[in-house]
Amino acid sequence: MKKLDFIIIAVLLVCAGGLYFSGFLRPGDEGAYAVVYVDGEEVKRYDLSQNTEDTITGINGTNQIKVQDGEISVVSADCRDQVCVNHLPINRENESIVCLPHKVVIEIENGGKNSIDAVVK
Amino acid sequence: MAKKTAYYGIFAALAILMGYVEAVIPMPVPIPGIKIGLSNIVVVLCMYVMGTKEAFYISIVRVVISALLFRGFVGLWYSLSGAFLSYGAMLAVHRLKDASIIGVSVTGGVFHNIGQIIVACIILGRNVVLYLIPILMVSGVAAGFAIGLVSKYCLNYLEKKRE
């Protein structure tokens, strides 16, 4: 173990400490987003912390969505099965609302931890 | 030439074996990327016993084979970038006359982690993993130090054998 070894170790540790405490590598605290896909392509994303209502134009029809209290839900849709409307509001990572007739998928990104153990994809 | 080929084979096999041993040992920390880097023993040793160019070949062979065997294709890119960056850094330190094998190993450990983080950023498309860099640097120093010590004793032994 020579002198330069200590210097190398010290420099690397100081760099690590500096990077850690300078905080410029820290990830920004982004809130949860609801991402809307139509036919597999992302069309819009909503910040879940801001209450809004909007209309998504899917294939062959539209869905009315509502963002409230950090959750997103589909209020009404002119599809035939109404599965998306009956779905409970979602706000957690990996949760999704799907409207098959309109090929609309709403997914949560960067959301809170799911209460279930795991999701098999 | 034949002797050199045998050395290549032995070192490469050892490095791959170390990769396997490491894949079997579970890491008690929940941070991705923290590892001991056992196979770096072989690369560092090779740098001193065979030479820097040879160590580079061993490093590449090791990464490609052990990544395909134990980690899959995406793992290959992580390991490859880590191996390139750490080799470059180790080479630079190796050139310095005042640094011993421990300094080389520590540098290698740290830069291996940094290389992996860079690829993780590219693959994930977001810089969410950048904040891991300081943590991985410290773990790299610790692991590199341990690996350096082991390599040093191995090197002493090998040199004694040679005489």
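This is a predicted model: local features need pLDDT of at least 70, side-chain atom pairs count only at pLDDT 80 or more; totals for chains, interfaces and linings use all residues.
## The largest pocket and its lining

Six helices of chain B, namely H1 (2–24), H2 (39–49), H3 (52–71), H4 (73–95), H5 (101–124) and H6 (133–162), each supply at least two residues of the lining of the largest pocket. Among the contributing elements, H5(B) gives the most to the lining, with eight residues.

The space in the largest pocket comes to about 730 Å³. Its lining is made up of 40 residues, and those closest to the centre of the pocket are B:Glu22, B:Lys35, B:Arg71, B:His112 and B:Gln116. Sorted by class, the lining holds 20 nonpolar residues, 16 polar residues and four charged residues.

## Two residues with positive phi in chain A

In chain A, attention turns to the backbone. A:Asn60 is not a glycine, yet its phi is positive, at about 65 degrees. This residue sits in the loop between strand S3 (52–58) and strand S4 (61–68) of chain A. A:Asn60 counts as exposed because its relative accessibility is 70%, and exposed residues are those over 50%.

A:Gln82 is likewise not a glycine and has a positive phi, in this case of about 60 degrees. Its place is in the loop that lies between strand S5 (71–77) and helix H2 (83–86) of chain A. With a relative accessibility of 25%, A:Gln82 counts as partly exposed, because that class lies between the buried residues, under 20%, and the exposed residues, over 50%.

Technical notes. Residues are numbered from 1 along each chain as its sequence is written. Chains are lettered from A and ligands numbered from 1 in the order in which they are written. Side-chain values use heavy atoms; hydrogens and water are left out. On a 1 Å grid over the protein atoms alone, a cavity is a set of points where a 1.4 Å probe fits but cannot get out, and a pocket is an open set with protein on both sides within 12 Å along at least five of seven lines; lining residues have an atom within 4 Å of a point. Grid points are joined across faces, edges and corners, and a volume is the space filled by probe spheres set on the points. Helices (H or I, at least four residues) and strands (E, at least two) are DSSP runs, numbered from the N terminus. Ala, Val, Leu, Ile, Met, Phe, Trp, Tyr, Cys and Pro count as nonpolar, Asp, Glu, Lys and Arg as charged, and the others, Gly among them, as polar. Buried means under 20% relative accessible area, exposed over 50%, partly exposed in between (1.4 Å probe, protein chains only).
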